[in-house]
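Welcome! Here is a short briefing to read with the structure open beside you. Take your time and find each residue as you go.

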Amino acid sequence: MNLTEQIIVIALCAFATMLTRFLPFLVFSDKRPTPKYISYLGKALPAASFAMLIVYSLRNIDLSGGSFAIAEVLAIIVTCALYFWKRQMLLPIAGGTLTYMLLVQLVF
Amino acid sequence: MVVCIKWCLAPFYALGEKMRKEAGGVRRRALRAAFPYTIPIFAGFWFLGLAYGVYMNVSGFSFWYPMVMSLVVFGGSLEFVMVTMLVSPFAPLATFLLALMIQARHVFYGIAMLDKYKGLDWKRFYLYFSLCDETFSLNYTLEVPPGIDRGWFYFFVSLLNHIYWISGSTLGGLLGSLVKFNTEGLEFVMTALFVVIFLEQWSKEKKHYTALIGLLASVVCLLLFGPDSFLLPAMGIILLLLMLFRKPIEKAGGLTLTADERTVDQP
């Protein structure tokens, strides 16, 4: 692939990304009120999207191949426990990540 | 004559200067308020960005490539796939369609942010441009602190995340295989972030139908279609179920009140 082709590939990927990010904004303009069913989706989608993102970030764990899913499960439990204990964001993220790192580096 | 005009205009200059200073204060306060929330993203993006830059480097690309790609695409999963695209034969249509498929979930984010980003003048062009998974999660969930300008707050969350990603991947591209990772498992910081955001959202709802629909649809599709192609069917099923059960979900109070509905907007 020569430089021009590479630039075209990068430009196409950037354009496709922008299309997905700007689409709702372009379709439902600022000036007119947003249709009711889109407002509903705007409120219903985030919780579903966050759930989807958790699954997405864990998509490559191998449930059949040994002990790794235990590290993920334990780290998520620690994250949840810290969240419900302190009700803030940084501590559970740091605690969960540290738990996971310790588990995969030292135990499994 | 010139002196006279200058003298007449002086108060306006002074006023302009004062307004500029105040605007600077608004920006600085928003930046200071936004920064702490982006620290986990900094850790995650530097780790993933470095890994991505190193991957580009060992695939034979100069640091310019990860730098430019992170600037214009700003989406980790697609950028990793693009490495394969760039070393394969030129296939523009397939490239474009694959990119659309990988990035399709951003349409959900755009819909969710319509009301929050409404009326934010030129800033919203950058806000939609930089709406990646992590920026969406933060900007949707965070409540803008009182006295902080909403637009600038969202703007700086987005900009800081963007800068972390660009700098991380550029650094990885520069250092290349010199980097030795003994940071195994650090990638979990992104999962932990999504878990916390999910819980934050969870505790704002009376009923959890939408969260459970998202979880169930994603898990079932992951098991059925595998890690590389479960997102699109999962999105389709989520949309379908949300539209089918719209009445019961709305009736049962399964939706969050947005920050705008709970608190009065800052002027």
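Helices (H or I, at least four residues) and strands (E, at least two) are DSSP runs, numbered from the N terminus. This is a predicted model, in which local features need pLDDT of at least 70 and side-chain atom pairs count only at pLDDT 80 or more, while totals for chains, interfaces and linings use all residues. Residues are numbered from 1 along each chain as its sequence is written, chains are lettered from A and ligands numbered from 1 in the order in which they are written, and side-chain values use heavy atoms, with hydrogens and water left out.

**A buried lysine**
- Lys123(B) sits in helix H7 of chain B, which covers residues 123–129.
- Its relative accessibility is 7%, so Lys123(B) counts as buried (buried is under 20% relative accessible area, exposed over 50%, partly exposed in between, with a 1.4 Å probe and protein chains only).
- Setting aside neighbours within four places in sequence, Lys123(B) is in contact (heavy atoms within 4.5 Å) with Gly151(B), Trp152(B) and Phe155(B).

**The largest nonpolar core**
- A nonpolar core is a set of buried Ala, Val, Leu, Ile, Met, Phe, Trp, Tyr and Cys residues joined through side-chain atoms within 4.5 Å.
- The largest one here has 104 residues, and Ile238(B) and Leu242(B) have the most contacts inside it.
- Helix H2 of chain A (residues 36–57) gives the largest share of this core, 14 residues.
- Domain 1 (2–203) and domain 2 (205–267) of chain B both contribute residues, so the core lies between them; these bounds come from an automatic or database domain assignment.
- Not counting residues up to four places away in sequence, Ile238(B) touches residues of both chains, including Leu45(A), Met52(A), Phe108(B) and Ile213(B).

- In chain B, helix H2 (residues 39–58) and helix H9 (residues 150–175) pack at an angle of about 35 degrees, with their axes 6 Å apart.
- Among the residues that meet are Phe42(B) and Trp46(B) in H2(B), and Tyr164(B) and Trp165(B) in H9(B).

**Positive phi angles**
- Most residues other than glycine have a negative phi.
- Arg87(A) is not a glycine, yet has a positive phi of about 55 degrees.
- Arg87(A) lies in the loop between helix H3 (68–86) and helix H4 (90–107) of chain A, and with 47% relative accessibility counts as partly exposed.
- Asp121(B) also has a positive phi, near 30 degrees.
- In chain B, Asp121(B) is in the loop between helix H6 (106–113) and H7, and at 39% relative accessibility counts as partly exposed.

Conventions. Axes are lines fitted to C-alpha atoms, for helices over the stretch in contact, and angles run from 0 to 180 degrees between N-to-C directions.
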